[in-house]
Amino acid sequence: MTTRINLNNNYDIKIVQNINEIPKNIYDINKLKILNILKANKFVFIVDFSTIQPKQYKKLLRKLLRIKKIFVKLKKQIGEQEESGITVCYIINYDKDNKVQNDFILGINAIFFNTRHERYNYIYDTVCDYLDSFFYGKNLCDFKDNKCGEKRSANSTSYVGCCHHYKIKLLGPLLPNNLTLCEHLKEDHTCGAKCIGCKLFTCDYLEKKGVKFRIKDILLLDTFFNPLQKYFIKTMVFTPKEKIIKRLMRT
Ligand code: SF4
Ligand code: SF4
């Protein structure tokens, strides 16, 4: 029985159980050679999860993105138009509960956006949702009486977490700097900025609990951004999403 995974932009992936359900003349993702594919007029590919290893995912996704860009440039057909959508890919030996395989499928989805801005927006939101859901309902920072575990000993009765930063006083370095609450922190102590750099941040307290996020462990970030963009993603804390995406587009 064939089922589908709907991607954005009316594309889809067909999940098959049997190799006989796969049409002839489609490309095995393991054997993609850009020169061979250039001769084709249509691009549909197959992913057999039993034949690819997670350590290959980044390289394969980058190659797929290059091929897709070439097809767009040459105005060649991407996928097979069907009633329900445009099938770009068949997958076999897929385990729907396997997070690593599902991350690879998110990567395929990212590739078939029309513009780089749309792709970055999708990746940004998807990673933020993942990070939010990781923390949701767990109180990993152990907030108690408005103070998190790391700052428990702070001498303050108001909110103390990591949403503070130093503001340099206009009168110059002779005056002590002001530690102020981030302007994006809302009254309910949620973030109004959707700042991915802040979401990726983990202090010593969290790291001791085994919670640490590295860009190289998040397939979407590791695959689709260059080293400088990764640097900005990590370091642009206290910054709203729109500003970060703008920076990534210029890099
Ligand atoms: S990440 Fe660390 S410093 Fe920030 S709120 Fe959580 S426990 Fe506190
Ligand atoms: S931008 Fe960062 S520091 Fe500011 S509220 Fe959001 S998470 Fe906190």
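Two strands are said to pair if DSSP finds at least two bridges between them, and the strands themselves (E, at least two residues), like the helices (H or I, at least four), are DSSP runs numbered from the N terminus. The model is a predicted one, in which local features need pLDDT of at least 70 and side-chain atom pairs count only at pLDDT 80 or more, while totals for chains, interfaces and linings use all residues. Residues are numbered from 1 along each chain as its sequence is written, and chains are lettered from A and ligands numbered from 1 in the order in which they are written.

Strand β1 (residues 3–6) is joined to β2 (residues 11–16) by four bridges, here in an antiparallel arrangement, with N6 bridged to D12 of β2. The hairpin that β1 and β2 form has four residues between the strands, and N9 takes a positive phi near 60 degrees there.

The helices come next. Helix α2 (residues 57–73) packs against helix α3 (residues 99–111) at an angle of about 20 degrees, with the axes 10 Å apart. Because of that angle, α2 is roughly parallel to α3, a description used for angles under 35 degrees, whereas over 145 counts as roughly antiparallel, 65 to 115 as roughly perpendicular and the rest as oblique. The contact, defined by C-beta atoms, placed from the backbone, that lie within 7 Å, is made by Y57, L61, L64, L65 and K68 of α2 together with F104, G107 and I111 of α3.

Helix α4 (residues 116–135) and helix α9 (residues 241–250) pack at an angle of about 135 degrees, their axes lying 11 Å apart (axes are lines fitted to C-alpha atoms, for helices over the stretch in contact, and angles run from 0 to 180 degrees between N-to-C directions). The two helices are therefore oblique to each other. On the α4 side R116, H117, Y120, N121 and Y124 take part, and they meet K241, I245, L248 and M249 of α9.

There remain the ligands, whose neighbours are residues with a C-beta atom, placed from the backbone, within 6 Å. Around ligand 1 stand C141, C148, G149, E150, K151, G161, C162, T202, C203, Y205 and L206, whereas ligand 2 is surrounded by C163, C182, H184, L185, C191, A193, C195, C198, V237 and F238.

Key
Two residues are in contact if their C-beta atoms, placed from the backbone, lie within 7 Å.
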